[in-house]
Amino acid sequence: MKKQDFLKVISNNLIAKNIFKMCLVCGCDLEFIPGQFLNIKIDGFYLRRPMSICDFENGIITIVYKIVGKGTEALSKISKGNKLDVIFPLGNGFDIKKSYDNITIIGGGVGLAPLYFLFKTLKKMNKKVIVYAGFRTLSEIFFEEEFSSIGEFIISTQDGTKGNKGLIIDILDKDCDYYFTCGPALMMESVRKILGQNGQFLLEERMACGFGACMSCVCKTKFGAKRVCKEGPVFFANEF
Amino acid sequence: MNNILNVNLGNWRLDNPVIPASGTFGYEFSQWYDINILGSISLKTTTREPRFGNSTPRVAECVGGMLNSIGLQNPGIEKVISEEIPKFKKNFNKKIIASVGGNSIEDYVFVSKMFDSMEEVEILEINLSCPNVKNGGMSFGLDEKTVYHICEKIKNSCKKKIYIKLSPNVTDIVSIAKSAELSGADGLVLVNTLLGIAIDACSGKPIISNIFAGFSGPAIKPIALRMVYQVFKNVKIPIIGCGGIRNADDVIEFMSAGASAVQIGSANLVNPFSCKNIIDDLPKKMKKYGIQKIEEIIGRSHCI
């Protein structure tokens, strides 16, 4: 069940270049699916800002976001103890019920954030999972320890300052049953070319309401127009 | 239902004056609250053929509001009648307002006639003011003669009451409103969005894919309110006020200026409970201002 509530910020820290991690208290009585998102009202701005859930444990929601404009800049300045007007949980989330076992997760930049919650959930289900994370440069890498402590985590940077030099798609192991990906559109398209149709994409789009009313975030699929906020943000690769 | 909030649109009695505006509301809202508390609902504008609308980005933030350029995305009249209205009916037991769009006068008449046969529909809201489509839409609402011509055609082919939703992007709203009244329109919806643009300071590029977009939100309220005030003095038909309304005070102001009811648009997108909060707050505000019945205040700004 979706709800609107005022959630207390318990931390909001810089964890990489222009990338922040914020933790919000929401109580333990809710269940989130990896890939779902929050829509956050920021004082002084009219529209809410949609943010993927990066982690949820013990009633604490974690989001990881990059400063890309004035809204996210204002969000980065909110100090702990404040409360934020949030609508959550929104969107469909990843479909993780299927019985595939050998899974690849591919994240690009801040698109890696929602894949952390997915990775944790899949590992709890005892699945074999490898995470590939592509960044531009060393200073933009985040959550390396968090991912590495749970399982196999492979990094590449475009400039070679950490891990493999080049694009993450150049080093993907094609031997997998299923994949999940989130990141720049070009990266996700390349992932599909390499790994095929057996996977899911988490899309990003400018939104207004976040719950299916305004038709702002629509994308074209093989099966007609779909709302990223409502029928998505996760789509099956074969929908495109 | 509290009858101090009752209003009339012609001979149609509404429980209260609060109506979500076209394009900002769907049956999805029944997940937030029982939508039967609303006065009525204005459906998403429907066209003859299905429309995907414009490419994304379709929305942008701006000070005091938002820009949208959805481009009248809708599944077309046949599907709206066979699928969308039945879904609404499951969650909403009052009569609705059907918003009509089109690329040509023939399209407007076609869609109006289809809705005209529907029992669930009380009013046809003729959208002559969408700024986000290439043909039709706002281009029909900018000129007195075109407004007269299209209203007359629809009026002559339909039994239901027609309300014309007008554009604020005109030099003289009064002459266009009078023209609509003269053509036989039963009421007016004032106003649709203002034409705007947002440009990214870093790249210099327009943010919205369609470049221009409709500006809505609290920032446009003074303009919409002024237009309701001006038009009220010059027409006899009911006015539904719309533009930047987000709380009970705004409703009272629009009704004081001359609106018989109001539509709430982008506020629904920011806070899904906007309409419910307004309906809950109206009696408290009325008590505070010494208003016995809300319909008594319609147009009172003109008598002071």
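Predicted model: local features only at pLDDT ≥ 70, side-chain atom pairs only at ≥ 80, totals over all residues.
In it, 30 residues of chain B touch 28 residues of chain A. A search of the whole structure also turns up 1 cavity of 30 Å³ or more, and the second largest pocket has a lining that includes residues from chain A and chain B.

**Where the chains meet**

- Putting chain B and chain A together buries about 2500 Å², and carbon and sulfur atoms give 63% of that area.
- Three residues stand out here: B:Trp32, B:Glu61 and B:Val270 supply 25% of the area that chain B buries against chain A, more than any other three residues.
- B:Glu61 turns up again in a salt bridge, with its side chain meeting that of A:Arg49 at 2.9 Å, N to O.
- The count of salt bridges between chain B and chain A is 2.
- There are also 9 residue pairs in polar contact across this interface, counting pairs where both residues have pLDDT 80 or more.
- On chain B's side, strand S4 (59-62), strand S5 (65-68) and helix H7 (267-270) each supply at least two of the residues that touch chain A.
- Sort the residues on that side of chain B by class, and you get 16 nonpolar, 11 polar and 3 charged.

**The largest cavity**

- Its volume comes out at about 470 Å³.
- The lining is made of 35 residues, and those nearest the centre of the cavity are B:Ser22, B:Thr24, B:Asn68, B:Asn192 and B:Thr193.
- S5 and H7 of chain B are the elements that give two or more residues to this lining.
- Both S5 and H7 of chain B also showed up on the side that touches chain A.

- Strand S15 (224-227) of chain A and helix H1 (77-91) of chain B each give at least two residues to the lining.
- Helix H1 of chain B provides the largest share of that lining, with 6 residues.
- As for class, the pocket lining splits into 12 nonpolar, 6 polar and 10 charged residues.

Terms used: Residues numbered from 1 in each chain as written. Chains lettered and ligands numbered in written order. Heavy atoms only, no water. Contact = heavy atoms within 4.5 Å. Buried area = accessible area lost by both parts, 1.4 Å probe. Salt bridge = Lys/Arg side-chain N within 4 Å of Asp/Glu carboxyl O. Polar contact = N/O pair within 3.5 Å; in protein donor to acceptor, adjacent residues only side chain to side chain. Helix = DSSP H or I, 4+ residues; strand = E, 2+ residues; numbered from the N terminus. Nonpolar A, V, L, I, M, F, W, Y, C, P; charged D, E, K, R; others polar. 1 Å grid on protein atoms, 1.4 Å probe; cavity = no way out; pocket = protein on both sides within 12 Å on 5 of 7 lines; lining within 4 Å. Points joined across faces, edges and corners; volume = space filled by probe spheres on them.
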